[in-house]
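Open the structure in your viewer and keep the selection tool at hand. The tour goes from one selection to the next and says what is there.

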Amino acid sequence: VLLRIGGVTQSAFSHPESISLILGKIYICNRDSGKIRTVQVENNTYAVADYRTFDEPVYKYFRIYDREYALLKSGVYEI
């Protein structure tokens, strides 16, 4: 499946680093903006929203059971 959101003039995803699919949402880590953004794929809405914002680059987001983690420039944090 190929999915494109945004375009050349859009900055919704600034240097995406990783992508995760969790319970009907795609989580995209954006290095330059320091944001984790979501795309709602369940029900084909494709709504984009900010999930978390950090003061430094974010490289990866993942969950283990009910715990959430983010890999930032300064290290790995439970959020």
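Start with the aromatic rings: a search of the whole structure, which is a predicted model, finds four aromatic pairs. For one of these, select Tyr27 and Tyr51 and show their side chains. The ring centres lie 5.2 Å apart and the planes stand at 85 degrees; planes over 60 degrees apart count as edge-to-face, so this pair is edge-to-face. Colour the strands next, and the pair is seen to link distant parts of the chain: Tyr27 belongs to strand E2 (residues 25-30) and Tyr51 to strand E4, 24 residues apart.

Is Tyr27 buried or exposed? Tyr27 has a relative accessible area of 5%, so it is buried, the cut-off being under 20%.

Tyr27, Tyr51 and Tyr61 form one aromatic cluster.

Stay with Tyr51 and select Arg52. Arg52 lies over the face of the Tyr51 ring, at 5.2 Å from the ring centre. For another arginine over a ring, select Arg37 and Phe13: here Arg37 lies over the face of Phe13, at 6.0 Å from the ring centre.

Next, go to Tyr46. Where is Tyr46 placed? Tyr46 is in the loop between strand E3 (35-40) and strand E4 (48-53). With 36% relative accessibility, Tyr46 counts as partly exposed. Select Asn44 as well: the side chains of Tyr46 and Asn44 make a polar contact (3.3 Å). Then select Lys25, which is 21 residues from Tyr46 along the chain; the C-alpha atoms of Lys25 and Tyr46 are separated by 9.0 Å.

The last stop is a sheet. Select strands E5, E6 and E7: these three strands form an open sheet in the order E5-E6-E7, with antiparallel pairing. Which strands are at the edges? The edge strands are E5 (58-64) and E7 (75-78), each of which pairs on one side only. Look along the sheet for its twist, which averages 20 degrees from one strand to the next.

Strands of a sheet pair through backbone hydrogen bonds. Finish by selecting Leu71 and Val76. Leu71 stands opposite Val76, a residue of E7.

Conventions:
Residues are numbered from 1 along each chain as its sequence is written. This is a predicted model: local features need pLDDT of at least 70, side-chain atom pairs count only at pLDDT 80 or more; totals for chains, interfaces and linings use all residues. Side-chain values use heavy atoms; hydrogens and water are left out. Two strands pair if DSSP finds at least two bridges between them. Helices (H or I, at least four residues) and strands (E, at least two) are DSSP runs, numbered from the N terminus. Axes are lines fitted to C-alpha atoms, for helices over the stretch in contact, and angles run from 0 to 180 degrees between N-to-C directions. Buried means under 20% relative accessible area, exposed over 50%, partly exposed in between (1.4 Å probe, protein chains only). A polar contact is a pair of N or O atoms within 3.5 Å; within protein, one must be able to donate a hydrogen and the other to accept it, and residues adjacent in sequence count only if both atoms are side-chain atoms. Rings of Phe, Tyr and Trp (its six-membered ring) pair if their centres lie within 6.5 Å; planes under 30 degrees apart count as stacked, over 60 as edge-to-face and the rest as tilted. A charge sits over a ring if NZ of Lys or CZ of Arg is within 6 Å of the ring centre and within 35 degrees of the ring normal.
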